[in-house]
Each structure stands twice: as structure tokens, then as C-alpha cells.
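Here is a walk through one structure, taken a region at a time. Keep the sequence at hand while reading.

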Amino acid sequence: MRGAIHMLVTTRLSSSFRPILLDFVFPCSPPCNFSIPRRLICAAATKANGGGGGGRSGSIVAPPLLTQDEDFQKIDVNPPKGTRDFPPEDMRLRNWLFNHFKEVSRLFGYEEVDFPVLETEALFIRKAGEEIRDQLYCFEDRGNRRVALRPELTPSLARLVIQKGKSVSLPLKWFAVGQCWRYERMTRGRRREHYQWNMDIIGVPQVTAEAELISSIVTFFKRIGITQSDVGFKVSSRKVLQELLTKYGVPEDMFGRVCIIIDKIEKIPIDEIKKELGFTGISEDAIEQLLQVLSVKSLDDLEDILGGAGEAIADLKQLFSLAEMFGYSEWIQFDASVVRGLAYYTGIVFEGFDRKGKLRAICGGGRYDRLLSTYGGDDIPACGFGFGDAVIVELLKEKDLLPELGQQVENIVCALDKDLQGAAATVATALRDKGQTVDLVLESKPLKWVFKRAARVNARRLVLVGKTEWEDGSVSVKVLSSGEQFQVKLSDLE
């Protein structure tokens with residue numbers, strides 16, 4: 001089922017309401033079965049006179065409350081399948097993770113950018129054969145334009161670079177943390193909605209760019225307690241596969257399709273890989289030789305097969321040499337089977353993995369020197385990586401490295417008399433003006449409740465506004481860690 005389903009719904013909630021059109025939007029693929037509820041009660045309509053109250057024509061207005069005899073279905077309080085809510089405890093973890101993403105990016109001198117979550121569909125379907133095309137959440141908007149929720153960030157980055165043109169100086173070092181959407185089968189660490197950290201370098205053709213990107217990920221791992229015994233990087237080059245296919249007489253126009261098949265080596269049985277490669281027209285002998293070479297885990301062995309004159313070997317040797325200089329040589333290893341599934345990669349590719357093999361790829365990236373011309377721009381050397389938020393959290397759970405992130409408030413301010421609520425608000429405002437966090441008790445509550453509240457939010461101190469003290473322009477302060485208590489003038493409260 002592609003696009004949108006339109007349904008005309010009439011309401012009888014008020015004589016001033018009229019039929020409206022509801023749009024139901026579904027992923028382009030795969031098709032989904034959709035059953036219409038026995039009765040749909042509309043929660044929005046337009047006034048018969050064309051709208052009012054200063055809003056635009058056709059604006060949404062709230063319906064009257066339903067009476068007890070109205071027949072309606074209770075709403076499902078769970079988020080859509082594959083998506084998440086972020087209550088405060090989960091939001092604290094998300095912010096902690098994102099802050100590390102952003103701090104590492106800034107340590108390396110990258111500037112933050114962002115793009116619309118909603119993009120034109122064409123941005124993501126320029127390359128044939130990619131799995132990502134079948135995972136798009138796409139639909140036609142009210143202006144009859146084909147749009148999609150972004151499944152990744154790199155095409156949006158390319159669009160922005162083309163848009164900026166010569167107004168920006170190369171090289172560009174940009175990073176982004178954004179929400180992405182893919183309609184795919186869910187497994188551990190894989191959702192239909194996730195956040196992704198991207199770092200990209202535009203305008204540097206040398207392998208030094210890839211070396212720095214891997215260094216930034218290693219820096220991130222170290223900051224959160226992950227070591228080289230926990231994770232590693234598999235490194236190869238698309239040029240390796242290109243040289244192999246040339247050697248076996250495979251047409252150049254089949255290169256992207258073969259890469260996508262090879263990327264499934266660890267995901268589906270080898271017989272399925274052989275069958276799919278056979279469909280591309282590669283001979284059985286060539287397939288066997290190709291798979292044999294792709295099982296190579298040593299750069300020296302690969303050099304024996306390809307010779308040392310090719311670009312692939314030279315690039316990889318330089319990368320491993322730079323890894324020594326950056327100090328992460330123990331984190332990386334050569335693996336010829338790593339090609340990455342996106343068709344736009346052109347050179348070195350890499351993938352972060354957990355060494356116990358319990359999780360899918362933690363992150364991945366590589367060089368994409370010819371992506372911009374896909375969208376009508378001039379090609380510029382570029383490379384980057386994507387790092388999702390879901391798998392890393394699973395790894396932190398596995399290693400018992402998730403931080404304890406309770407709510408933290410510096411002050412709880414409480415009035416001891418309901419007539420002093422205004423005074424308590426004055427105290428809270430004075431502290432907030434000084435940059436301190438304040439949880440103001442907004443109701444008359446017993447002190448026992450206030451102390452429990454203070455413990456729950458990890459407050460540093462309790463500021464009590466009593467009648468006698470306030471008449472003197474003072475408040476009582478209790479430091480909760482030591483139990484120390486004292487009075488202080490409001491003007492001296494720090």
C-alpha cells in the first residue's frame with residue numbers, strides 16, 4: 001500500500017461541524033494490512049462558516065466532550081511499534097549520550113548542523129538496489145509532492161553542501177545528531193525510529209580524513225568506558241572489491257549491486273549470497289574465487305592476491321600507519337568482506353563491532369567521493385560515519401556501564417504558611433536569577449513530604465520561608481548532606 005488513504009468522516013457532535021477528510025499515511029513498503037475500526041470518532045472538524053476565532057480557514061478546533069453513551073474505542077497508550085517515549089529517566093540517559101556525541105565532535109573542531117526530518121523522496125531513491133529504498137516512510141503531501149521521513153543523514157548533508165556551493169570554504173567538518181526513520185524488521189538494537197550521530201569531512205581526498213574519523217569514535221568509546229577489548233573496527237576498501245570484480249571480468253555497472261549483496265554475508269546463509277550473486281551474471285567459478293578472497297583477514301595476504309600496486313592496498317596501508325600515530329592500532333583489523341550496504345561508498349569503509357558478537361554493527365562509515373554528482377552537484381572528496389543511539393545503549397547494558405542519572409536540583413524552596421507562597425516565589429526567582437536550579441513547592445505540604453521530595457530529586461539544600469524569618473527579610477536554609485541549618489538574609493542567599 002503506497003501513499004495515503006483518504007477517509008471522509010462525518011461528525012454529529014455539533015450542528016456547526018461538517019464532514020472532514022482524514023489522511024492515513026503508511027510506509028511505502030512493505031504493504032501493510034489495515035482494518036478500519038467499527039466506528040471512528042473524529043477529534044477535529046472545521047466550522048461551517050469557514051473558521052473563526054482569528055485562526056486560518058480550516059483550522060483544527062477541539063470537539064465537545066463525549067457523553068457516556070457515545071460509542072468509542074479507548075486509545076492505545078503505547079507509542080507506535082518500533083518507536084519510543086522518553087520519560088525523564090530515559091531522557092536523562094539520552095541527553096548524557098548526546099552530550100558525549102557533541103563534546104567529542106567539538107574536541108575535534110567540527111561544527112554542528114541539522115536538516116529537516118521530512119525531505120523530498122527523490123533524495124533517498126537515486127541509487128537502485130539499496131535496501132533503504134524499501135524501508136522509507138514516504139507519502140504524498142497535500143501539495144501533491146512526494147516526501148519521506150529521512151532514513152539517514154548523509155543525503156541531506158550532500159544536499160546542503162550543494163546548496164551552500166562556493167559560499168563555504170573547504171574543508172568542511174560538520175556533525176549532526178538527528179532522528180531517522182526506517183520501516184524495517186526490529187531486532188535487539190534496531191528500531192524503526194532512532195537517533196544517529198554523524199561526523200563528516202568534505203573536501204579532503206587523503207586517507208587522513210578517515211583516520212581522524214575513526215579516532216573520534218575511539219575517543220567517544222574511551223569517554224564512556226568502552227575499551228578495545230570490548231569493541232573493534234573492521235576496515236576494508238570498496239576499491240578492493242572493485243579490483244576483484246575487474247579481475248574476474250564483472251561489468252562496472254554491476255559494482256553497486258554486488259556490494260549490497262556482499263554486505264549481507266554475516267546476515268544471511270552463504271548459499272543465499274551465492275544465489276544472489278549468480279543473478280547478477282557472475283560465473284560460479286568467479287563467485288567461489290570472490291568469496292574466498294573476501295574471507296581474507298590479513299592485509300599481507302590480500303597484497304599477495306592483488307599485488308601492491310593498486311590504490312586499495314596503498315590506502316589501507318596508509319590508514320593502518322596513521323592508526324599507529326593516532327594511538328588506536330589495537331582497535332582496528334582488516335576484513336575484506338566489509339563493504340557497507342549503501343551504494344554511494346567509493347573507498348575505505350569501516351564498521352564498529354562488539355567483540356563478543358552479540359550485537360549488530362555499532363557504527364559504520366567510509367568515503368563517498370561521488371555522492372554529490374548523484375544530486376546534480378560537482379563531486380567533492382568526502383567521508384563520514386553514522387553512529388546510532390540504540391546499539392550503543394545495549395552494549396552499555398551488556399557491560400554494566402550505564403550511568404546512574406538521577407534528577408538533580410540544587411534547591412527546594414517551600415513556604416511554611418500558605419500566606420507565604422508569594423514570598424517563596426520571590427526566593428525562588430532570586431535563586432534562579434543567580435543561575436541556580438529551584439524546585440518550588442507550589443502547594444501547602446507537610447515538611448515530611450518536602451523532605452521526601454528533596455531526597456527524590458537529590459536536592460542539595462532546603463530553603464524554608466517562615467513567617468518570623470520573612471518579617472526579618474531572612475529564610476532558613478538546611479544543607480541536606482550535612483544537616484547544617486542556618487538563617488540568611490535573602491540578599492545574601494547564594
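In this predicted model, strand 17 covers residues 474-479, and five of its six residues are buried, so the strand is largely enclosed by the rest of the structure. Strand 17 has antiparallel partners. Strand 16, made of residues 461-465, is joined to strand 17 by four bridges. Strand 18, made of residues 485-489, is joined to strand 17 by five bridges, and this pair also runs antiparallel. Strand 17 and strand 18 form a hairpin with five residues between the strands. In that hairpin Gly483 takes a positive phi near 85°.

Strand 4 pairs with strand 6, residues 146-149, in the antiparallel sense over three bridges. Within strand 6, Val147 is the residue that stands opposite Thr120.

The next stop is a helix. Helix 5 runs over residues 255-262 and contains Ile262. Is Ile262 buried or exposed? Its relative accessible area is 1%; a residue under 20% counts as buried, so Ile262 is buried. Leaving aside residues up to four places away in sequence, Ile262 touches Leu241, Leu277, Leu290, Leu291, Leu294, Ser337 and Val339. Ile273 is eleven residues from Ile262 in sequence, and the two C-alpha atoms are 7.2 Å apart.

Helix 8 (residues 299-306) and helix 9 (residues 311-326) have axes that come within 11 Å and cross at roughly 165°. Angles over 145 degrees count as roughly antiparallel, and helix 8 and helix 9 are therefore roughly antiparallel to each other. Their crossing is left-handed. Which residues in helix 8 and helix 9 meet? On the helix 8 side they are Leu299, Leu302 and Glu303, and on the helix 9 side Ile313, Leu316, Lys317 and Phe320. By class, this contact of helix 8 with helix 9 has five nonpolar residues, two charged residues and no polar ones.

Methods:
Residues numbered from 1 in each chain as written. Predicted model: local features only at pLDDT ≥ 70, side-chain atom pairs only at ≥ 80, totals over all residues. Heavy atoms only, no water. Pairing = 2+ DSSP bridges. Helix = DSSP H or I, 4+ residues; strand = E, 2+ residues; numbered from the N terminus. Axes fitted to C-alpha atoms, helices over the stretch in contact; angles between N-to-C directions. Parallel < 35°, antiparallel > 145°, perpendicular 65-115°, else oblique. Left-handed = near helix turned anticlockwise from the far one by under 90°. Contact = heavy atoms within 4.5 Å. Nonpolar A, V, L, I, M, F, W, Y, C, P; charged D, E, K, R; others polar. Buried < 20%, exposed > 50% of the residue type's maximum accessible area, 1.4 Å probe, protein only.
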